[in-house]
Amino acid sequence: MDDTITASCVGVPSEKGGIPTITGVMADRILVVDDEPELRRMLRRYLEADGFEVAEAADGEGVLTRLRGSPADLIILDVGLPGKDGFEVLRTIRGESEVPVIMLTARAEEIDRVVGLTVGADDYVTKPFSPRELVARVRAVLRRGRMDRAGAGETLAFQGITMDLARREVHRDGVPVEVSTLEFDLLAALASAPGRVFTRAQLLERVWGWDYFGAERVVDVHIGNLRKALADDASDPRFIGTVRGVGYRFVAGPL
(Lines give C-alpha, C1' and ligand atoms only; values in the text may rest on other atoms or scores of the structure.)
Protein backbone atom coordinates (compact mmCIF):
# COMPACT_ATOMS: atom_id res chain seq x y z
CA MET A 1 0.00 0.00 0.00
CA ASP A 2 1.26 3.48 -0.94
CA ASP A 3 1.00 5.70 2.13
CA THR A 4 2.11 8.89 0.38
CA ILE A 5 -0.06 11.69 1.77
CA THR A 6 -1.90 13.75 -0.83
CA ALA A 7 -3.41 17.22 -0.63
CA SER A 8 -7.27 17.19 -0.80
CA CYS A 9 -1.07 24.38 20.00
CA VAL A 10 0.85 26.33 21.09
CA GLY A 11 2.95 25.56 24.14
CA VAL A 12 6.40 25.24 25.59
CA PRO A 13 8.44 22.08 25.10
CA SER A 14 7.70 19.64 27.89
CA GLU A 15 10.33 19.27 30.60
CA LYS A 16 10.17 15.48 30.52
CA GLY A 17 8.52 14.97 27.16
CA GLY A 18 5.85 12.38 26.57
CA ILE A 19 5.26 9.06 28.22
CA PRO A 20 7.79 6.43 29.32
CA THR A 21 8.78 3.92 26.67
CA ILE A 22 9.56 0.29 27.40
CA THR A 23 13.20 1.34 27.97
CA GLY A 24 12.20 3.98 30.49
CA VAL A 25 13.11 6.88 28.17
CA MET A 26 10.43 9.56 27.91
CA ALA A 27 8.79 9.69 24.47
CA ASP A 28 8.58 13.04 22.73
CA ARG A 29 5.07 14.48 22.37
CA ILE A 30 4.04 15.48 18.85
CA LEU A 31 0.91 17.57 18.26
CA VAL A 32 -0.58 17.11 14.78
CA VAL A 33 -2.81 20.06 13.80
CA ASP A 34 -4.72 19.34 10.57
CA ASP A 35 -8.38 19.41 9.55
CA GLU A 36 -8.17 16.10 7.63
CA PRO A 37 -8.96 13.17 9.99
CA GLU A 38 -7.52 10.63 7.57
CA LEU A 39 -4.20 12.46 7.40
CA ARG A 40 -4.07 12.78 11.21
CA ARG A 41 -4.69 9.05 11.60
CA MET A 42 -1.98 8.24 9.07
CA LEU A 43 0.57 10.45 10.81
CA ARG A 44 -0.39 9.10 14.22
CA ARG A 45 0.23 5.55 13.00
CA TYR A 46 3.70 6.33 11.65
CA LEU A 47 4.77 8.55 14.55
CA GLU A 48 3.61 6.11 17.22
CA ALA A 49 5.36 3.28 15.37
CA ASP A 50 8.54 5.35 15.63
CA GLY A 51 8.15 5.78 19.39
CA PHE A 52 6.43 9.17 19.67
CA GLU A 53 3.40 10.10 21.74
CA VAL A 54 0.83 11.83 19.52
CA ALA A 55 -1.97 14.32 20.19
CA GLU A 56 -4.32 15.75 17.56
CA ALA A 57 -6.19 18.97 16.85
CA ALA A 58 -8.47 19.78 13.90
CA ASP A 59 -8.01 23.58 13.91
CA GLY A 60 -6.00 26.37 15.48
CA GLU A 61 -8.69 27.69 17.81
CA GLY A 62 -7.90 27.00 21.43
CA VAL A 63 -4.59 25.27 20.71
CA LEU A 64 -2.69 27.61 23.03
CA THR A 65 -4.99 26.82 25.93
CA ARG A 66 -4.86 23.11 25.19
CA LEU A 67 -1.08 22.91 25.09
CA ARG A 68 -0.63 24.91 28.24
CA GLY A 69 -2.22 21.95 29.95
CA SER A 70 -0.44 19.31 27.85
CA PRO A 71 2.85 20.66 26.44
CA ALA A 72 4.26 19.37 23.15
CA ASP A 73 7.86 18.83 22.09
CA LEU A 74 7.04 19.53 18.43
CA ILE A 75 4.01 20.66 16.41
CA ILE A 76 3.10 19.53 12.90
CA LEU A 77 0.91 22.39 11.65
CA ASP A 78 -1.14 22.51 8.45
CA VAL A 79 -1.27 25.86 6.63
CA GLY A 80 -4.81 25.35 5.27
CA LEU A 81 -6.73 25.20 8.54
CA PRO A 82 -10.35 26.37 8.82
CA GLY A 83 -10.74 29.71 10.58
CA LYS A 84 -7.26 30.90 11.49
CA ASP A 85 -4.81 29.58 8.90
CA GLY A 86 -1.53 27.97 9.85
CA PHE A 87 0.49 31.17 9.38
CA GLU A 88 -1.72 33.03 11.85
CA VAL A 89 -1.58 30.14 14.33
CA LEU A 90 2.22 30.07 14.01
CA ARG A 91 2.45 33.79 14.77
CA THR A 92 0.48 33.15 17.94
CA ILE A 93 2.79 30.27 18.81
CA ARG A 94 5.89 32.40 18.36
CA GLY A 95 4.43 35.07 20.62
CA GLU A 96 4.67 32.67 23.53
CA SER A 97 6.90 29.72 22.70
CA GLU A 98 9.86 28.45 20.72
CA VAL A 99 8.44 24.92 20.45
CA PRO A 100 9.63 23.49 17.10
CA VAL A 101 7.04 23.66 14.30
CA ILE A 102 6.95 21.79 10.98
CA MET A 103 4.40 23.24 8.56
CA LEU A 104 2.39 21.22 6.03
CA THR A 105 0.86 22.73 2.90
CA ALA A 106 -0.85 21.71 -0.31
CA ARG A 107 0.53 24.85 -1.97
CA ALA A 108 3.88 24.47 -3.69
CA GLU A 109 4.55 28.18 -4.27
CA GLU A 110 7.95 29.30 -2.96
CA ILE A 111 6.43 32.42 -1.38
CA ASP A 112 4.39 30.23 1.00
CA ARG A 113 7.54 28.42 2.08
CA VAL A 114 9.40 31.70 2.59
CA VAL A 115 6.51 33.20 4.59
CA GLY A 116 6.32 30.13 6.82
CA LEU A 117 10.06 30.11 7.53
CA THR A 118 10.11 33.87 8.10
CA VAL A 119 7.26 33.68 10.61
CA GLY A 120 9.22 31.08 12.56
CA ALA A 121 8.67 27.57 11.17
CA ASP A 122 11.55 25.15 11.67
CA ASP A 123 10.76 23.14 8.56
CA TYR A 124 8.20 23.14 5.72
CA VAL A 125 6.76 20.11 3.92
CA THR A 126 4.68 20.21 0.73
CA LYS A 127 1.92 17.68 0.06
CA PRO A 128 2.05 15.02 -1.27
CA PHE A 129 4.81 13.65 0.92
CA SER A 130 5.99 10.37 2.35
CA PRO A 131 5.09 9.81 6.02
CA ARG A 132 8.52 8.23 6.52
CA GLU A 133 10.14 11.42 5.21
CA LEU A 134 8.09 13.51 7.65
CA VAL A 135 9.09 11.27 10.57
CA ALA A 136 12.74 11.72 9.55
CA ARG A 137 12.27 15.48 9.54
CA VAL A 138 10.63 15.37 12.96
CA ARG A 139 13.67 13.55 14.33
CA ALA A 140 16.06 16.01 12.65
CA VAL A 141 14.25 19.06 14.08
CA LEU A 142 14.14 17.55 17.58
CA ARG A 143 17.84 16.71 17.33
CA ARG A 144 18.68 20.34 16.50
CA GLY A 145 16.76 21.46 19.57
CA ARG A 146 19.04 19.34 21.77
CA MET A 147 22.34 20.77 20.52
CA ASP A 148 22.62 22.81 23.72
CA ARG A 149 23.42 19.64 25.69
CA ALA A 150 26.69 19.17 23.86
CA GLY A 151 27.73 22.75 24.54
CA ALA A 152 26.50 23.05 28.14
CA GLY A 153 28.47 25.63 30.12
CA GLU A 154 30.23 27.09 27.06
CA THR A 155 30.12 30.74 26.01
CA LEU A 156 31.29 32.05 22.65
CA ALA A 157 32.43 35.69 22.87
CA PHE A 158 33.42 37.97 20.00
CA GLN A 159 33.51 41.68 19.29
CA GLY A 160 29.93 42.88 19.65
CA ILE A 161 28.31 39.51 20.25
CA THR A 162 28.23 36.71 22.84
CA MET A 163 26.45 33.36 22.80
CA ASP A 164 25.70 31.32 25.91
CA LEU A 165 25.29 27.80 24.56
CA ALA A 166 23.87 26.37 27.79
CA ARG A 167 21.24 29.10 28.25
CA ARG A 168 20.82 29.50 24.48
CA GLU A 169 21.07 33.26 24.78
CA VAL A 170 22.52 35.80 22.35
CA HIS A 171 23.65 39.32 23.29
CA ARG A 172 24.58 41.99 20.78
CA ASP A 173 26.60 44.82 22.33
CA GLY A 174 25.33 43.64 25.71
CA VAL A 175 21.65 43.70 24.68
CA PRO A 176 19.66 40.42 24.55
CA VAL A 177 18.58 39.35 21.06
CA GLU A 178 15.60 37.06 20.44
CA VAL A 179 16.27 34.33 17.87
CA SER A 180 14.48 31.07 17.13
CA THR A 181 15.82 27.68 18.22
CA LEU A 182 16.93 26.84 14.70
CA GLU A 183 18.54 30.23 14.13
CA PHE A 184 20.47 29.96 17.39
CA ASP A 185 21.85 26.63 16.17
CA LEU A 186 22.71 28.15 12.79
CA LEU A 187 24.55 31.06 14.41
CA ALA A 188 26.36 28.67 16.78
CA ALA A 189 27.48 26.53 13.84
CA LEU A 190 28.97 29.55 12.07
CA ALA A 191 30.55 30.93 15.25
CA SER A 192 32.11 27.56 16.08
CA ALA A 193 34.68 28.18 13.33
CA PRO A 194 35.18 31.96 12.84
CA GLY A 195 36.38 32.85 9.36
CA ARG A 196 35.61 29.43 7.91
CA VAL A 197 33.37 29.44 4.84
CA PHE A 198 30.44 27.06 5.20
CA THR A 199 28.55 26.00 2.10
CA ARG A 200 24.78 25.81 2.32
CA ALA A 201 25.00 22.03 2.10
CA GLN A 202 27.42 21.93 5.05
CA LEU A 203 25.14 24.13 7.14
CA LEU A 204 22.14 21.97 6.26
CA GLU A 205 23.98 18.87 7.44
CA ARG A 206 25.28 20.49 10.66
CA VAL A 207 22.05 22.26 11.67
CA TRP A 208 19.17 20.48 9.93
CA GLY A 209 20.74 17.02 9.93
CA TRP A 210 22.01 14.71 7.22
CA ASP A 211 18.50 13.39 6.64
CA TYR A 212 17.01 16.80 5.77
CA PHE A 213 15.13 16.61 2.45
CA GLY A 214 14.41 20.29 1.67
CA ALA A 215 15.95 22.92 -0.60
CA GLU A 216 19.17 24.76 0.25
CA ARG A 217 17.31 28.09 0.02
CA VAL A 218 16.05 27.49 3.56
CA VAL A 219 19.54 28.48 4.76
CA ASP A 220 19.27 31.88 3.06
CA VAL A 221 15.90 32.54 4.67
CA HIS A 222 17.19 31.87 8.18
CA ILE A 223 20.41 33.82 7.58
CA GLY A 224 18.16 36.75 6.62
CA ASN A 225 16.21 36.32 9.86
CA LEU A 226 19.45 36.28 11.88
CA ARG A 227 20.74 39.40 10.17
CA LYS A 228 17.50 41.19 10.90
CA ALA A 229 17.56 40.16 14.58
CA LEU A 230 21.21 41.19 14.92
CA ALA A 231 20.80 44.42 12.92
CA ASP A 232 23.62 43.13 10.71
CA ASP A 233 24.01 44.82 7.32
CA ALA A 234 24.69 42.22 4.64
CA SER A 235 26.65 44.80 2.59
CA ASP A 236 28.90 45.66 5.55
CA PRO A 237 28.53 42.76 8.00
CA ARG A 238 29.72 42.72 11.61
CA PHE A 239 28.76 39.11 12.21
CA ILE A 240 27.68 37.07 9.16
CA GLY A 241 29.40 37.53 5.83
CA THR A 242 28.30 36.18 2.45
CA VAL A 243 30.73 34.42 0.14
CA ARG A 244 28.94 34.69 -3.17
CA GLY A 245 28.33 31.45 -4.95
CA VAL A 246 29.60 29.47 -1.95
CA GLY A 247 27.90 30.19 1.37
CA TYR A 248 28.47 32.10 4.62
CA ARG A 249 31.10 32.73 7.28
CA PHE A 250 31.25 34.27 10.75
CA VAL A 251 33.27 37.48 10.55
CA ALA A 252 33.18 38.98 14.07
CA GLY A 253 36.66 39.42 15.52
CA PRO A 254 37.85 37.87 18.78
CA LEU A 255 37.77 39.83 22.04
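The model is predicted, so local features need pLDDT of at least 70 and side-chain atom pairs count only at pLDDT 80 or more, while totals for chains, interfaces and linings use all residues. Residues are numbered from 1 along each chain as its sequence is written, and side-chain values use heavy atoms, with hydrogens and water left out.

**Exercise 1. Find R94 and decide: is R94 buried or exposed?**

Step 1. Go to helix α3, residues 86-96, where R94 lies. Helices here are DSSP runs of H or I with at least four residues, strands are E runs of at least two, and both are numbered from the N terminus.

Step 2. Recall the cut-offs: buried is under 20% relative accessible area, exposed is over 50%, and partly exposed is in between (1.4 Å probe, protein chains only). R94 has 16% relative accessibility, so R94 counts as buried.

Step 3. Look for its partners. Beyond neighbours within four places in sequence, R94 is in contact (heavy atoms within 4.5 Å) with V99, P100, V101, V119, G120 and D122. With D122, the side chain of R94 also forms a polar contact of 3.1 Å. A polar contact is a pair of N or O atoms within 3.5 Å; within protein, one must be able to donate a hydrogen and the other to accept it, and residues adjacent in sequence count only if both atoms are side-chain atoms.

**Exercise 2. How many residues of helix α7 are buried?**

Step 1. Helix α7 spans residues 181-191, and eleven of its eleven residues are buried. Among them are L182, F184, L186 and L190.

Step 2. Turn to the largest nonpolar core, which has 56 residues, with I75 and L77 having the most contacts inside it. Helix α7 gives the most to this core, namely eight residues. A nonpolar core is a set of buried Ala, Val, Leu, Ile, Met, Phe, Trp, Tyr and Cys residues joined through side-chain atoms within 4.5 Å.

Step 3. Another core of 20 residues lies apart from that one, and its members include L47, V125, F129 and V135.

**Exercise 3. At what angle do the axes of α8 and α9 cross?**

Step 1. Take α8 (residues 200-208) and α9 (residues 217-230): their axes come within 9 Å and cross at roughly 75 degrees.

Step 2. List who meets: R200, L203, L204 and W208 in α8 meet V218, V219, D220 and H222 in α9.

**Exercise 4. Which loops hold P128, D173 and A231?**

Step 1. P128 sits in the loop between β5 (123-126) and α5 (131-145). The peptide bond from K127 to P128 is cis, with omega near 0 degrees.

Step 2. D173 belongs to the loop between β8 (169-172) and β9 (175-177). Its phi is near 50 degrees, a positive value in a residue other than glycine.

Step 3. A231 is in the loop between α9 and β11 (240-243). Although not a glycine, A231 has a positive phi of about 50 degrees. At 55% relative accessibility, A231 counts as exposed.

Conventions: Axes fitted to C-alpha atoms, helices over the stretch in contact; angles between N-to-C directions.
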